[in-house]
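Subject: Handing over a structure

Hello,

Here is the structure I promised you. Please open it, then read my notes below.

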Amino acid sequence: MSTTDPTIARVGGDTPTPAAASAVSDRASRRASIEEAVLPPLVALLLAAVVGDVLILSFGQSPGAVYRLLVDGTWGNAYGFGQVLYKATTLVFTGLAVALGLRAGLFNIGAESQLAAGGFCAAIVGLLLPVGIPSLLCLPIYILAAALGGGVVGAVPGVLKARFGAHEVIVTIMLNFIVLALLNYLTSTRLHVPDTLHTAEIGSGVLPRVSDVVPSFQGSAANATILLALLAMIALWWFLFRTRRGFELRAVGLQPHAAEYAGVHVGSVTWRALSISGAIAGIGGLNYVLGYKHYYEEGFATGAGFLGIAVALVGRSHPIGIGLAALLFATLSQGGLAVNALVPKQMVDVLQAVVILAVATSVPEVRRLLRGARRSAER
Amino acid sequence: MRKLLLLVAALLVAHVALLFIHPAGAAAPPAGHTIDVGVVFDLGGRGDKSFNDGAYLGAERAEKALGVQVRFIEPGEGSDRESGLRLLAAEGMDLVIGVGFIFTDDLTQLAREYPNTKFAGVDYSVATDPSGKVVPPPANLAALKFREEQGSYLVGALAALVGKSKKVGFVGGMDSPLIQKFEMGYRAGVKQVCPDCIVLSQYAGVTPEAFRNPGKGKEIALSQYQQGVNVIFHASGSTGLGVFEAARQTNKLAIGVDADQYSEAPGYVLSSMVKGVDNAVYDAIRKVKDGQFRGGIYQYGLAESGVGYVYDKNNERLIPPVVHARLEQLRQEIVAGRIVVPSTR
């Protein structure tokens with residue numbers, strides 16, 4: 001940005017900065033940026049905990065007992081922890097998908113249907129593949145299918161925005177309805193096993209579960225897709241912060257006009273970002289289809305796409321933050337089941353909402369998006 | 001930053017302080033109960049005025065009458081179904097109940113993993129092998145199934161006898177084998193008492209959404225009423241609320257489903273085809289308590305009072321005594337096995 005603003009450039013150039021002073025200010029600014037990244041989510045978390053205390057008391061239960069039950073049912077035993085990992089895996093993918101959009105200044109609300117489309121395509125490919133192919137050979141095919149499924153759903157709003165300026169929020173929301181209805185129609189009329197809402201089981205290429213390696217995870221749905229999620233986190237970090245395309249994408253997200261002035265083609269960045277975003281969400285469908293049930297079922301990950309928005313916001317659109325936020329929301333979701341005997345499940349929904357609200361009002365990306373929306377509304 | 005740090009400290013203190021409050025009457029760990037029962041609801045959860053609420057009523061009655069301890073779990077997403085069942089089974093519950101056909105696979109698997117725990121599935125769909133033979137569920141799993149076609153048969157006869165216009169209506173929710181059972185029974189009942197009657201039948205859709213679309217239900221019902229139908233039977237969840245609305249608007253009659261739906265549109269609900277989920281759940285719990293629980297397929301039909309139609313002081317003025325007598329006669333013939341009601345297309 002400084003290159004486009006001659007005054008700032010000159011001031012910076014004229015001021016002599018001794019190396020020692022710059023190192024000190026570097027350290028100070030790094031500390032400030034870490035504080036800025038860590039403190040708001042911490043406040044959000046504590047705020048949610050206090051709201052939770054009050055809610056639990058209003059149900060006539062003891063907060064200490066309920067929270068202990070929540071922790072015991074999630075991190076306290078291998079099965080519960082496995083379930084947290086399983087749920088977090090899907091959330092990492094949808095969180096990364098939304099975060100990539102946010103980095104490009106785009107709000108992708110379509111992760112819900114992109115996830116479903118990815119899982120659906122993987123299941124279809126699984127039905128077509130002959131039985132008995134080794135998992136490692138099939139895996140790339142499945143990843144490609146899921147990425148294509150989610151990517152196509154993501155590309156539609158991307159192209160519409162780049163070509164016609166259609167707002168991606170509206171298009172992705174509407175596409176959710178269309179895509180989910182279409183998938184449900186195909187499943188319930190053509191592909192389902194009678195008396196169920198799911199397709200037949202896929203023949204080959206299912207992923208091993210964690211319990212195959214660590215027997216105490218017996219029964220938990222956690223599976224090797226966790227490794228894919230970790231790889232996706234690293235790959236996205238590399239893409240965003242170490243490649244030219246990633247730099248262009250972030251530049252467009254920060255200030256599209258400046259990026260355009262610097263020679264970035266904003267339209268291609270837009271549709272590329274939304275396509276990749278959709279593809280990442282789509283790969284998340286493998287967690288259920290390859291790792292857990294081995295078929296596509298209507299509504300297999302209801303809410304995981306929308307929760308991905310919360311994960312991306314709380315995780316500050318950074319892969320590490322997203323990993324932590326996914327663990328947090330997965331813990332709340334699984335913990336809700338564990339405490340269901342004492343308090344209604346909706347209490348956990350309220351806690352999630354408090355976290356989201358508290359973080360959303362303090363995250364700079366959101367403020368910038370809101371400002372941008374207001375500006376374009378004024379125009 | 002200083003301000004945020006202060007806020008963190010303040011919230012932390014508040015939270016820790018609240019953790020030490022123990023309200024009087026907070027749940028102590030259950031002790032001294034003879035039987036522990038766990039119930040996992042379908043995603044729709046409680047408040048559906050249909051089988052989830054039915055299961056809740058049955059379990060609650062068992063809690064009061066039999067002194068058992070019941071725990072309920074409402075899942076949030078697909079993978080929570082198995083998780084909920086597993087949490088309950090791992091806690092050593094005596095009986096774990098899954099409400100809805102969607103629990104079929106999860107129940108079958110868990111019943112194998114926990115052979116010492118008893119399981120029951122409402123609307124459990126029994127698998128058949130490729131040669132068409134029924135695959136029995138595991139020995140510790142009871143499949144609670146209902147003969148919806150028998151109850152539908154009786155309300156079909158009722159609709160034809162009261163409607164008098166040679167045309168009766170049917171509104172289904174999601175076009176699926178389960179709802180087709182209602183339709184087939186209904187059609188057979190209509191033909192029994194009025195061979196030249198026509199049944200106008202429409203479904204609200206092919207996805208689970210079709211059970212939650214009152215607007216569509218009203219639209220279909222209005223068009224059927226306009227074509228000369230006087231009575232419509234709906235098997236469509238809350239989509240049926242639109243059917244009642246249409247009945248009220250056109251001053252015609254509708255028949256409810258699953259529970260007694262008279263209160264949805266008093267005066268316009270001819271009767272309801274009731275499905276005794278509460279009785280089936282209560283029964284399963286009672287058998288566990290008495291040590292008589294056996295796995296297998298349980299069919300609740302007219303003979304077991306598992307299905308039926310409503311005839312009480314609310315709607316007896318809508319149903320002439322002659323018609324009621326005819327329905328009772330048909331009921332006895334079905335119970336005696338002289339009439340076999342079809343359940344598939």
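First, a term: two residues are in contact if their C-beta atoms, placed from the backbone, lie within 7 Å. Helices (H or I, at least four residues) and strands (E, at least two) are DSSP runs, numbered from the N terminus. Axes are lines fitted to C-alpha atoms, for helices over the stretch in contact, and angles run from 0 to 180 degrees between N-to-C directions.

This is a predicted model: local features need pLDDT of at least 70, side-chain atom pairs count only at pLDDT 80 or more, and totals for chains, interfaces and linings use all residues. Residues are numbered from 1 along each chain as its sequence is written, with chains lettered from A and ligands numbered from 1 in the order in which they are written.

**The sheet**

In chain B, helix 7 (residues 214-226) lies across strands 6, 7 and 8. Helix 7 of chain B runs at about 160 degrees to strand 7.

Those strands belong to an open, mixed sheet of six, ordered 7-6-8-9-10-12. Strands pair if DSSP finds at least two bridges between them. Strands 7 and 12 of chain B each have a single partner, so one side of each lacks a neighbour in the sheet.

Strands 8 and 9 of chain B pair in the parallel sense over three bridges. B:Ile232 has B:Ala254 as its bridge partner.

**A contact list**

What does A:Leu96 touch, not counting residues up to four places away in sequence? The list is A:Ala232, A:Met233, A:Leu236, A:Ile280, A:Pro319 and A:Ile322.

Best wishes
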